[in-house]
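Trainee: Could we go through some of the terms applied to this model, setting each value against its definition?

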Amino acid sequence: MHARLFIGLILVCSLFMPILSCTTVPITGRSQLSLVSDDALLDASRQQYSEFMGSQKIITTGSQSSTVEKVGRRIAAAADRYLRDNGRSGEADAFEWEFNLVANDEINAWAMPGGKVAVYSGILPVTRDETGLAVVMGHEIAHVVAKHGSERMSQQLIAQMGGQALSAVLASSPEATQSLWMRVYGAGATLGVMLPYSRLQESESDRLGMIFMAMAGYDPRAAVDLWQSMAELKGGRGAPEILSTHPTDQTRIRDIREFMPTALQYYEGGRR
């Protein structure tokens, strides 16, 4: 993290306390802005996810659907175990994991706060197998565990609502809440086109996702091949939506390789 950004975050947390608070991201220990309660965010997330699923064709039978559910559950269980082992049981208890396979040719997957995950069928030919899918789902589950959605919503509340709590906005102005959600997630009819996370958050999810997939018994070395394949698609069908604002391909793959020894400790330790 750049020094200016870190100092700025400390100043924000100091100036606005106790109106808002700062939390730390699991594993990385990065401080992040947290103005949104889990309960308020979960309520909004449930509603938006339900509306999106009601407007899509969801694949609920067959081997592909079963694999998405299986991989998601295994990685979520690993993330849950990590949190509980590190004294964060309260955070683990708040998640309501749900995994759905959406019939859509786009190469995409995304997750909403609280554990609402969508995988598009178009990404499966790229992931190829269960381990490749674990790379993608580990990354998306990491966004949830790291509370990147809450962080982004908090930033918008400061910028657009003068620092009001989300619960207050929900109670006083449903229209403003919907508008806020649209700005943060691109919710509604275009929810599948998620507004971009920062490159810092994306890199953070790469690291966390590798640890979670390793703890779930999937070889994290598959991450290099998967993201290389994703990058190659830029020369064909265009950049997959999931890659919209990730770090450059060279930077991402370099960072993944550098972090690999740490991820392998979780993988090899679990195999003993």
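Mentor: Bearing in mind that this is a predicted model, let us begin with the crossing of α3 and α6, which is right-handed. The contact is made on the α3 side by T67, V68, K70, V71, G72, R74, I75, A76, A79 and L83, and on the α6 side by E130, L133, A134, M137, G138, I141 and V145.

Trainee: At what angle do helix α3 and helix α6 pack?

Mentor: Helix α3, residues 63-85, and helix α6, residues 130-145, pack at an angle of about 45°, and their axes are 9 Å apart. That makes α3 oblique to α6, because angles under 35 degrees count as roughly parallel and those from 65 to 115 as roughly perpendicular.

Trainee: How do you know that the span of α3 agrees with what its 23 residues should give?

Mentor: At 1.5 Å a residue α3 should span 33 Å, and its end C-alpha atoms are 33 Å apart, so the two agree. Just after α3 comes G87, which takes a positive phi of about 70°.

Trainee: What makes α10 mostly covered?

Mentor: Buried means under 20% relative accessible area, and 13 of the 17 residues of α10 are buried. Helix α10, residues 199-215, reaches 24 Å from its first C-alpha to its last, close to the 24 Å expected, and is followed by G217, whose phi is positive, near 95°.

Methods: Residues are numbered from 1 along each chain as its sequence is written. This is a predicted model: local features need pLDDT of at least 70, side-chain atom pairs count only at pLDDT 80 or more; totals for chains, interfaces and linings use all residues. Side-chain values use heavy atoms; hydrogens and water are left out. Axes are lines fitted to C-alpha atoms, for helices over the stretch in contact, and angles run from 0 to 180 degrees between N-to-C directions. Helices (H or I, at least four residues) and strands (E, at least two) are DSSP runs, numbered from the N terminus. Angles under 35 degrees count as roughly parallel, over 145 as roughly antiparallel, 65 to 115 as roughly perpendicular and the rest as oblique. A crossing is left-handed if the near helix is turned anticlockwise from the far one by less than a right angle, and right-handed if clockwise. Contact means heavy atoms within 4.5 Å. The expected span of a helix is 1.5 Å times one less than its number of residues. Buried means under 20% relative accessible area, exposed over 50%, partly exposed in between (1.4 Å probe, protein chains only).
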